[in-house]
Amino acid sequence: MDLSKLPNDMKLQLCKSYFKVGCLFLPFVWAVNVCWFFRDAFIKPAYDEQKLIKKFVIMSAIGAFVWAVILVTWITVYQTNRVSWGATGDALSFIVPLGRA
Amino acid sequence: MSESGSDLDATEHTALMDGHIAEARPDRELAERIARKRKTKSDNQRSYGSVEQIEGGPSGASIAQQPRVPAAPVEPQIEELELKYGARHVIKLFVPVTLCMLVVVATISSINFYSVKDVYLAYTPFHEESPYASTKVWNALANSMILLCVIALMTVLLIVLYKKKCYKTIHGWLILSSLILLFLFSYLYIEEALIAYNIPMDYITLGFVLWNFGVMGMIVIHWKGPLRLQQAYLIFIAALMALVFIKYLPEWTTWAVLAVISIWDLVAVLTPKGPLRILVETAQERNEPIFPALIYSSTVMYCMAAASPAPGAAGTVEGEGRDGTEAGGGEAGFDAAWRERRDEGAAPRRLRVDSAPPRYVTRLDPPHAPHAPPHAPDLDEEKGVKLGLGDFIFYSVLVGKASSYGDWNTTLACFVAILIGLCLTLLLLAILKKALPALPISITFGLIFYFATRSVVKPFADALAAEQVFI
């Protein structure tokens with residue numbers, strides 16, 4: 001999909017759809033939204049829909065960041081405490097490493 | 001050029017979507033540049049004038065016909081243009097093919113799971129367990145015949161569906177297969193990778209990551225997304241399929257299947273009654289863009305002025321997963337996905353270079369047109385090279401299998417062989433200008449190089465290394 005060939009209103013539609021989809025526990029979609037529309041939102045000279053696109057991009061960025069923080073925190077907590085959690089740790093584990101704790 | 005615009009029947013030389021090419025500017029600029037270099041400016045101005053007015057013409061037929069007369073001085077430039085354009089896009093294919101092979105080779109080398117033969121699929125009932133070479137040979141041939149029949153069946157089924165215009169069925173199939181591929185196979189891949197590297201992982205993180213990965217993949221393949229991401233996903237799923245093939249096919253069967261599939265490819269595309277040829281011609285008659293499911297394209301295809309972008313409409317370059325009939329029992333999702341890959345492998349194994357105005361299609365695309373033909377005129381296609389995912393898969397199977405024996409000489413030899421084959425195929429494409437199968441030449445070279453390197457070069461290199469002789 002080449003953004004430069006799309007008319008502005010379609011770009012807005014696309015950005016909005018990506019934002020909406022990202023609300024379903026999908027920070028990756030938000031991240032892609034940010035990367036993809038970054039140029040259109042901030043670097044391109046102003047056009048009508050840019051304001052809204054900017055809004056969506058910023059919201060997606062914030063959302064993706066928050067999710068990233070949550071994910072990293074959880075992973076850190078899990079990896080450091082997995083052993084000490086004993087049974088719960090094992091129940092949560094999908095892969096239990098062999099040869100070490 | 002080579003378009004037979006005069007007759008109303010579609011043949012293999014009829015360019016697809018002739019009348020719907022709106023843009024020609026880039027080509028004209030390049031042609032102009034070449035013309036300027038050759039200092040035949042006045043001539044070209046004259047002929048461009050006539051080409052231009054013709055382009056506004058109503059149908060593809062006229063575009064094809066009239067330029068022939070006044071545009072004679074432009075023709076050699078346009079030819080050269082085509083070849084240059086084609087060559088440029090050929091190089092663009094090298095990168096994804098190489099990447100796919102890299103992923104497969106890296107996985108095979110590091111993750112033991114894919115080299116271990118424990119379970120086999122229902123499609124290969126002969127497991128090559130006897131110590132005699134002759135038994136293994138007929139086992140391998142029998143297995144590959146079975147697989148070939150399954151593929152042929154799937155292809156015919158697809159043609160029937162397409163001819164009956166059951167677009168919804170095809171589309172649903174596509175979605176089902178890509179779902180299976182993106183979720184199930186990726187899950188297995190991640191699981192094996194984690195086990196191989198002994199990394200603990202919890203269900204929550206895994207579920208979350210997989211969910212994101214899978215949904216993003218579905219969006220980007222079937223709907224709209226950044227081109228690079230789409231290409232990356234396609235390369236990844238092609239690699240996944242190749243890994244499945246490598247793991248679940250017995251040793252000799254793999255090689256037999258490769259050979260048999262190449263021959264099937266040749267037959268299906270080039271013979272007049274070949275199923276894939278029929279597919280292309282049907283699409284041409286209906287003047288629909290052959291929906292690029294399971295095709296990797298180096299540039300973008302998108303739909304302008306379409307009121308409501310139909311899901312997975314000609315917008316995105318590739319769709320994924322075709323087929324998917326029923327999920328017959330048997331091993332997990334492998335059957336359905338297997339079958340889907342079968343079919344997918346069958347059709348989109350062609351090469352295609354699009355260029356305009358002298359537009360030649362040298363590639364057969366699996367015909368999926370999920371949106372009504374009225375949208376077709378709005379389709380604006382960028383020129384780019386398209387290669388079927390099935391081609392990616394079989395190339396990677398060959399190189400992956402070669403690498404699974406541990407010898408890097410062989411792996412590199414096969415890799416080079418495949419790229420050479422690809423170049424040759426694309427050269428033929430530029431010359432012949434019609435749909436061509438991408439597998440035969442590459443696979444033949446690959447197989448020759450593999451067996452030659454394994455039996456001749458490897459012992460030689462080993463002997464040299466042992467004696468520390470460097471050449």
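Biologist: What are the ground rules?
Modeller: This is a predicted model: local features need pLDDT of at least 70, side-chain atom pairs count only at pLDDT 80 or more, and totals for chains, interfaces and linings use all residues. Residues are numbered from 1 along each chain as its sequence is written, chains are lettered from A and ligands numbered from 1 in the order written, and side-chain values use heavy atoms, with hydrogens and water left out.

Biologist: How many residues does helix α2 of chain A have, and what does it reach?
Modeller: α2(A) covers residues 27–43, so 17 residues. Helices are DSSP runs (H or I, at least four residues), numbered from the N terminus. α2(A) reaches 23 Å from first C-alpha to last, close to the 24 Å expected at 1.5 Å a residue. That expected span is 1.5 Å times one less than the number of residues.

Biologist: Where does α2(A) bend?
Modeller: At Phe37(A), by about 55°. The bend is the angle between axes fitted to the seven residues ending there and the seven starting there.

Biologist: What do the buried residues of α2(A) pack against?
Modeller: They pack against α1 (8–22) and α3 (50–81) of chain A, together with α7 (203–222) and α8 (227–248) of chain B. Contact means heavy atoms within 4.5 Å. Buried means under 20% relative accessible area, exposed over 50%, partly exposed in between (1.4 Å probe, protein chains only). Among the buried residues are Trp30(A), Trp36(A), Phe37(A) and Asp40(A).

Biologist: Why does Trp138(B) count as partly exposed?
Modeller: Because its relative accessibility is 46%. Phe126(B) is also partly exposed, at 27%.

Biologist: And Ile111(B), buried or exposed?
Modeller: Buried, at 3% relative accessibility. Ile111(B) is in the loop between α4 and α5 of chain B. Not counting residues up to four places away in sequence, Ile111(B) touches Glu192(B), Ala193(B) and Ala196(B).

Notes: Helix = DSSP H or I, 4+ residues; strand = E, 2+ residues; numbered from the N terminus.
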